[in-house]
Amino acid sequence: MATKSSPAPYRLNSVDRHGRQIDPAVLAAAEEIFPRALDYSLNVLGDSAVVANMLEEVAARTTQLLKAKDPPGEPAPIHNLAAYVFRAFARDVNRLRSKQLVLVSSSEASQELPRWTDPSRQLMIKILTDEFLARCDSATQDMFALRMQGFSWDEIGRMNGISAHAAEKRFSQAFRRALGRLKMLKRPK
Amino acid sequence: MGHYARRHGLILQMRTKKRRKDAPEISEEEFLTSAKAYLSTDFPNPQRIGCPPESELKTLAEHPRQAEQSARQHITCCSPCFNRYMEILADLKRRKAG
């Protein structure tokens with residue numbers, strides 16, 4: 001397993017298209033993930049320059065977040081800048097995909113698809129996952145992983161030193177918060 | 001008071017119905033299944049950029065409180081590491097059951 005990344009061969013601008021500055025560390029992280037961002041989004045964005053623009057915007061937003069949440073002496077809220085920037089980028093791309101899908105879906109509205117093959121439903125759950133991961137704390141993320149792997153609430157509670165009911169409640173609250181956020185995103189502006 | 005409670009109850013009922021109608025019908029079970037499929041396939045990382053060592057994934061699965069937050073963030077955007085982490089968790093589940 002490769003551990004350390006090699007120097008980024010891609011160069012992004014240190015200012016995004018809205019004129020916002022990007023912190024050098026955030027810029028380096030964005031340049032590091034640029035090839036992966038390109039693979040992830042080229043079919044949606046269509047052009048590497050557009051991918052670069054979008055990534056710069058995410059990097060500028062991350063810079064603002066770091067400045068807002070990182071007063072001197074406080075620990076950094078983001079522990080893995082590259083992963084954070086990539087996750088935020090994937091979130092933006094999925095939201096864009098959902099807008100494109102609405103246009104396609106309305107032209108194929110007469111076709112009824114089973115739930116599990118419906119691409120708009122699959123995309124909705126991807127956005128829901130993005131929202132869930134963006135907002136949950138580390139303990140809830142661990143519970144989410146354990147639940148995905150089929151652990152019971154009893155086992156999850158025991159591993160976290162809480163009751164099964166408390167573990168289930170904690171996860172359900174985070175899930176409902178993400179569902180609420182998804183509903184807000186779907187609401188027409 | 002009784003009248004108020006009845007009215008208040010009615011209002012709550014109406015709100016609940018409206019909320020049910022608006023909410024996307026996604027069960028926790030469907031969410032878990034689809035999220036697992038999403039995280040395990042949508043983030044290929046053939047060059048293994050930024051991947052933590054195997055030992056960190058093991059710590060994350062077996063002793064999550066001692067794990068690096070950075071590894072936790074990484075598995076949400078790297079399918080190979082996410083899949084390995086899921087394998088370690090499956091192993092852990094088997095050991096706990098046996």
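## Helix α5 of chain B and the chains around it

Turned away from the buried side of α5(B) is a face that carries the exposed residues B:R94, B:R95 and B:A97. Helices (H or I, at least four residues) and strands (E, at least two) are DSSP runs, numbered from the N terminus.

A word on the model: it is predicted, so local features need pLDDT of at least 70 and side-chain atom pairs count only at pLDDT 80 or more, while totals for chains, interfaces and linings use all residues. Residues are numbered from 1 along each chain as its sequence is written, and chains are lettered from A and ligands numbered from 1 in the order in which they are written.

Back to the helix. α5(B) has 19 residues and spans 27 Å from first C-alpha to last, close to the expected 27 Å, a figure worked out as 1.5 Å times one less than the number of residues. Its buried residues are B:C81, B:F82, B:Y85 and B:L89. Looking down the axis of α5(B), they fall within an arc of 100°, so they line one face of the helix; the arc is taken over the directions from the helix axis to the C-beta atoms. Those buried residues pack against α5 of chain A, along with α2, α3 and α4 of chain B.

Now for the interface. Counting a contact as two C-beta atoms, placed from the backbone, within 7 Å, 34 residues of chain B touch 37 residues of chain A.

| Element of chain B | Residues |
|---|---|
| α2 | 28–41 |
| α4 | 69–74 |
| α5 | 79–97 |

The largest share of that side, seven residues, comes from α2(B). By class, the chain B side has 17 nonpolar, nine polar and eight charged residues. Nonpolar covers Ala, Val, Leu, Ile, Met, Phe, Trp, Tyr, Cys and Pro, charged covers Asp, Glu, Lys and Arg, and the others, Gly among them, are polar.

B:A37 sits in α2 of chain B. It counts as partly exposed because it has 15 C-beta neighbours inside 10 Å.

As for chain A, it has seven helices and zero strands, and buried residues make up 34% of its 189 residues.

Key
Buried ≥ 20, exposed ≤ 12 C-beta atoms within 10 Å, placed from the backbone.
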